[in-house]
4 protein chains.
Amino acid sequence: MKKIAVVITNRANYARIKYFLVAANKSKKLKLQIVLSGSSLVYKYGELEKNLRKDNLKVSAKAFYLLDGGSEIIQAKSTGIGIIELSSAFEKLKPDFVLTVGDRYETLATAIAATYMNIPLGHIQGGEVSGNLDENVRHAITKLSHYHFATTKKSKQRLIKLGEEKRRIFLTGCPSMDLVNSKHKRIHKNFEQEIYGTGNILNSKKPYIVAINHPLSTSTKENAINAKIFLETLLLRSEQIVLFWPNADAGNDILAKTIRDYRETRKMNNFSFIINISPENYVTLLSNSICLVGNSSSFIREGSQLGIPAVIVGDRQNNREIGNNVIRSRFEISAINKKIDLQIKKKNFKPQKIYGDGTSGKKIVKILENLQFDINKVITY
Amino acid sequence: MKKIAVVITNRANYARIKYFLVAANKSKKLKLQIVLSGSSLVYKYGELEKNLRKDNLKVSAKAFYLLDGGSEIIQAKSTGIGIIELSSAFEKLKPDFVLTVGDRYETLATAIAATYMNIPLGHIQGGEVSGNLDENVRHAITKLSHYHFATTKKSKQRLIKLGEEKRRIFLTGCPSMDLVNSKHKRIHKNFEQEIYGTGNILNSKKPYIVAINHPLSTSTKENAINAKIFLETLLLRSEQIVLFWPNADAGNDILAKTIRDYRETRKMNNFSFIINISPENYVTLLSNSICLVGNSSSFIREGSQLGIPAVIVGDRQNNREIGNNVIRSRFEISAINKKIDLQIKKKNFKPQKIYGDGTSGKKIVKILENLQFDINKVITY
Amino acid sequence: MKKIAVVITNRANYARIKYFLVAANKSKKLKLQIVLSGSSLVYKYGELEKNLRKDNLKVSAKAFYLLDGGSEIIQAKSTGIGIIELSSAFEKLKPDFVLTVGDRYETLATAIAATYMNIPLGHIQGGEVSGNLDENVRHAITKLSHYHFATTKKSKQRLIKLGEEKRRIFLTGCPSMDLVNSKHKRIHKNFEQEIYGTGNILNSKKPYIVAINHPLSTSTKENAINAKIFLETLLLRSEQIVLFWPNADAGNDILAKTIRDYRETRKMNNFSFIINISPENYVTLLSNSICLVGNSSSFIREGSQLGIPAVIVGDRQNNREIGNNVIRSRFEISAINKKIDLQIKKKNFKPQKIYGDGTSGKKIVKILENLQFDINKVITY
Amino acid sequence: MKKIAVVITNRANYARIKYFLVAANKSKKLKLQIVLSGSSLVYKYGELEKNLRKDNLKVSAKAFYLLDGGSEIIQAKSTGIGIIELSSAFEKLKPDFVLTVGDRYETLATAIAATYMNIPLGHIQGGEVSGNLDENVRHAITKLSHYHFATTKKSKQRLIKLGEEKRRIFLTGCPSMDLVNSKHKRIHKNFEQEIYGTGNILNSKKPYIVAINHPLSTSTKENAINAKIFLETLLLRSEQIVLFWPNADAGNDILAKTIRDYRETRKMNNFSFIINISPENYVTLLSNSICLVGNSSSFIREGSQLGIPAVIVGDRQNNREIGNNVIRSRFEISAINKKIDLQIKKKNFKPQKIYGDGTSGKKIVKILENLQFDINKVITY
């Protein structure tokens, strides 16, 4: 059996790769080795290990590297510690292949640990474009990776332009799309209870907006201002608001603090604050929302697949391939607010299968089962 | 004054960047911040700080990250520690710009520390191609870098193909070529004494071959075999042999051990073993050699500039842009030996200015003096 | 001038050493070098750098090492990273002496970095006893330290018994006692506003209890149970409760989570939640409290000095030298509650100067000014 | 079965603990988990893993932490990395008990990783005294350890004086003495060949001196001078000299360099340079030597047990409990040389069982089999 190691860095990252993991777990040719790491090991970010166990997935190793803080230097140092920790994990597990997904700063730690140890590396989401530090990180991972699982046709073209060998690129779509299925669209019995964190208990039969504002790592000074603009806009809304805590990027502490400050001093009775949510419930949540507001890439990916109107705010998702469901806005209270109104009026859009057809996980499993791994790649020009 | 930080990782790396450093040190608009790191801090690899002092250069910070060993995992972990250490150095120095050169594995630590802290990063030698892990590392650094100082026209074209913005690419040549000047070609009085390490004292008036065999990090198993083939070939030669110790890459310990073993058991009276050499003496050494044998990229760069015949052995420099002076050989005793004969017969070649015209250091200084640094780069397709 | 480096790890740690820092800052023979580190650099734990600036103190270096999480392994790894970071800080600052205070796990990182670099190390609070991992850490620091600043007579005796040379032990008291002065006892105008975090706005004219429950690192399984017992007890009280968030030790996340859970589901209108407080306001807060409940060592130190009744709960402060103001209780709701009643009835106690006479900071400054540092210590038997 | 983890840091460290490992490996109640680390993983320091395999011992985990260099800061940083690496190893192995031996700087990494993770820690050689940084490190480990295996009666007394509970102290002697047996005293057939490194091939039938000079970490400036004095003295001798390379402590690079320099420029035909030697051959080597010269603690321990005359040079072994076989000398050519003459004349001494009776390994196994581990230790005063 081929040993395939997958490093999970946080709950969003797990959602991306989950349907590959579930499919690989059933393969008779692949032996899955899951490395839990970073904020997925931190209590306050939700106990991911429990979720994995429910999905019948076993953790093979852990990697602790997430420094507390939220400044830029923390991103660098956490990545450094990540390489130390992940190389230990790979030394322990001796995988035949490492698979990684996405473009967060710590993903580069996985890529370095694997390739420096001469372990073949595969990457999902290479060739996509966006703003932020993520953009540079993603392309750097591409240049280290030996195999690419492109999520869109345009991404595949871009990988070829970047000099990657065609035989190393597979157009599979993104496994995160695999759960955007009819069965997860409908609200199930315990839904409201399962997703409950703090604040308002969501009534999913009444209209609600899903709001996520992640920090922008290349302009942390703007994060403080944007955090206020974002909350001030949401306070203008009469609908229910389902607000997510920011992820563990640089700048997240000022965003988290802003939310806490507002919560103490302002009336936010219509706000639900989400702490932890399963990938399936996340799809259900998006499916039944009247509008998505913020800068999460899921609003573009899952959003287009589901046809839910979205207002993408700021530069974080610049240049990303978008569907009809998306309009963009600057960080400005009235502009965002108007565009929310506009989008809500349009109601739902026709779903578009830009990022995958719902079988990506299985496709990648099939490819890995049959691929003979080879680390001697060359640039094509 | 703009603060420009440069990380020096080893003696070869210093030779590459030295003429930029000397020029920048004289600039009224730039303030140089030299970070000494890795094997340049290790006693046995030569005391580089003394060399810097002679060149009137001051060390602003130190970064310790080189783990002892020589296996692949060491490369990963050293890079991780490197990020921790270099981010501390940058936090201390608060540079306006970080300049890095080359493609060794630890160079990626500099690139990550700088860009994750939102410090503009410039890179020399981007767009070149070679074999080995270096190849992937170099292109990954390109994707993290905000500015590129290309060493050849083809490299510049390749950077553009890789999606880098034209306005961020400067064709400057490589500062390592700046010292390939007439004044360093002639043998000066104390030359033999200055370069002496152990073994035979070189008589530079008689014919000598310069031999360097660095480990290949992506196939460490071959390193042991190749090390013997290399030495066996050299033992066939009647000329003087100037042999360099391998650098601090993965696999270097088996190479060093092989040399030590041979030294104890075989007759190597015609071998000089170099421990430490100044960049200028290195140029003198190459200039007056009858042939260069091995897999050092300097045989291609400096070699073509000087027109010295070279036999490049193995895959380490695959795909690299070469001049007339180079022929390639597999790792095979008789093949290498015959090609050495062949090259020696040809005598010297017409020098070719592929990698720079001797003014690269000054060109880069001029560009940095006038450039307004901007970290928001986009991919051009 | 002698360069004296002091590493500050968190807000409580700053309170301990502050009056030494202020006194040393005025010395003409000492040059202070403050290294800010650990949770004192983390936004959510309060911005300590601002406090320092108000006290006219400058930060010379920063050390990032606090891994996010809260499990035991995090304590080990954070200490390891701490050594890497602090040795860089000492390399940068080249202090003639390093002074450290206390017994938290990361303090050992300071002790190792300093002594392994042959820098003389002084330690405040050596020779004290308590329960928990702190106990072993404190004595290990003693064996690494070259000089000791004992806080009590018994501590001094214990240091001698531990084999430390008498000439290296100074009975100075603890600088944390220096601010337990009349001027800080009285409630000033902006007091309530300055200390306000979230929850109830304290009315300091009405009775209030100060409550702190830190995790016990050697029995993390009990922490979850104890956290509930602690809050359940406090919920029985009708007085105002001033509750502190737990510190960054292993186990703190389960404690913090318990508080958050209770806050969402229980009526806690009489609870003030403190996020950040200056050392002076902390003294004011204790001075005017009717009772201190929990396991903070400050209830014993500052508490005895102020004569405020305290109920020390659990094993964390076992064996510590206590004054009349302290009674102990197991972690049991009714037991704690009864003892609070008992203590409140007793009203205030006669202050006892066990841990210092209020001039410790100045005493230590004087000693350092005149001491000729010597690292060749011997065990006295 | 109780899982007992043992961290091996270098070849000397392995020799110390080997006879415990062999005995534990046969126990039906103990499951051994060997962690190979530090210089025991470095090629040039000898491939220890092979030796272990010959002894039927299996490696369960590896920890990479030894930074290349040799300055004091390297000792600190290596220890920091050691904690990160060893805590990963303990997380992987989940031992019930960690056993460590000795007082080298990195031993503190083992002690911190284990105790911070609440794993019971046992320590061999606690309570001994010496000079150097080792002295402070050893006592610090004692204060972290939960159980002590004293090697001498005096050491046991000292542990009690240091405040350790009697029930936690066992007088077992040192397992390194277990191999000082008659069977290892006699020179076997392949002895000379097996121990051969470089230089002279030892003729063990003719007189030879064993010489070891380790660096003194608390006065690195003296190391350079002492290294020369040591070699100059040895050059005066007409006997065969068996010289060991210095270990991986701070200062070792200057010592190694001095040896290399001398080897190139001086006549050292009577010198054998040892690179790697098995613990048994080491005993054979000492047993048949006419004199031991230098500062290795083995000259005192094994030396007294064997009754071989030794001249202990410098401060490194100050205060250590010695037998009749030892006289001390300052670092001075003529003084050392005269004392060598003096000792050689005395011939062999009556063996003294100071450090154990040859059954220590088995004793410790028996104790661990029956001990109920408990981490709640208290100071006895």
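**Entry 1: helices H4 and H5 of chain D**

I looked up how helix H4 (residues 107-116) of chain D meets helix H5 (residues 132-144) of chain D: their axes come within 10 Å and cross at roughly 15 degrees. I take helices (H or I, at least four residues) and strands (E, at least two) as DSSP runs numbered from the N terminus. Axes are lines fitted to C-alpha atoms, for helices over the stretch in contact, and angles run from 0 to 180 degrees between N-to-C directions. H4(D) is therefore roughly parallel to H5(D), a term for angles under 35 degrees. The crossing of H4(D) past H5(D) is left-handed (the near helix is turned anticlockwise from the far one by less than a right angle).

I then listed the contact residues: H4(D) contributes D:Thr107, D:Leu108, D:Ala111 and D:Thr115, and H5(D) contributes D:Val137, D:Ala140, D:Ile141 and D:Leu144. Residues are in contact if their C-beta atoms, placed from the backbone, lie within 7 Å. Ala, Val, Leu, Ile, Met, Phe, Trp, Tyr, Cys and Pro count as nonpolar, Asp, Glu, Lys and Arg as charged, and the others, Gly among them, as polar.

**Entry 2: basis of the model**

This is a predicted model, in which local features need pLDDT of at least 70 and side-chain atom pairs count only at pLDDT 80 or more, while totals for chains, interfaces and linings use all residues. Residues are numbered from 1 along each chain as its sequence is written, and chains are lettered from A and ligands numbered from 1 in the order in which they are written.

**Entry 3: the sheet in chain D**

I traced an open sheet of 7 strands in chain D, ordered E3-E2-E1-E4-E5-E6-E7 with parallel pairing. Strands pair if DSSP finds at least two bridges between them. Strand E3 (59-63) and strand E7 (169-171) of chain D are the edge strands, each pairing on one side only. From one strand to the next the twist averages 25 degrees. Strand E2 (residues 30-37) of chain D pairs with E3(D) in the parallel sense over 4 bridges; D:Leu36 has D:Lys62 in E3(D) as its bridge partner.

I next checked the helices on this sheet. Helix H3 (residues 72-93) of chain D touches E1, E2 and E3 of chain D, and its direction makes about 155 degrees with that of E3(D). Helix H1 (residues 11-26) of chain D lies across strand E1 (2-8), E2 and strand E4 (97-101) of chain D, at about 160 degrees to E1(D).

**Entry 4: the sheet in chain B**

In chain B I found an open sheet of 7 strands with mixed pairing, in the order E8-E11-E10-E9-E12-E13-E14. Its edge strands are strand E8 (198-199) and strand E14 (326-329) of chain B. Strand E13 (residues 310-313) of chain B and E14(B) are parallel partners over 4 bridges.

**Entry 5: chain A and its neighbour**

I counted 37 residues of chain A in contact with 37 residues of chain B. H3(A) gives the most to the side of chain A that touches chain B, with 12 residues. That side has 20 nonpolar, 11 polar and 6 charged residues.

Notes. Two residues are in contact if their C-beta atoms, placed from the backbone, lie within 7 Å. Angles under 35 degrees count as roughly parallel, over 145 as roughly antiparallel, 65 to 115 as roughly perpendicular and the rest as oblique.
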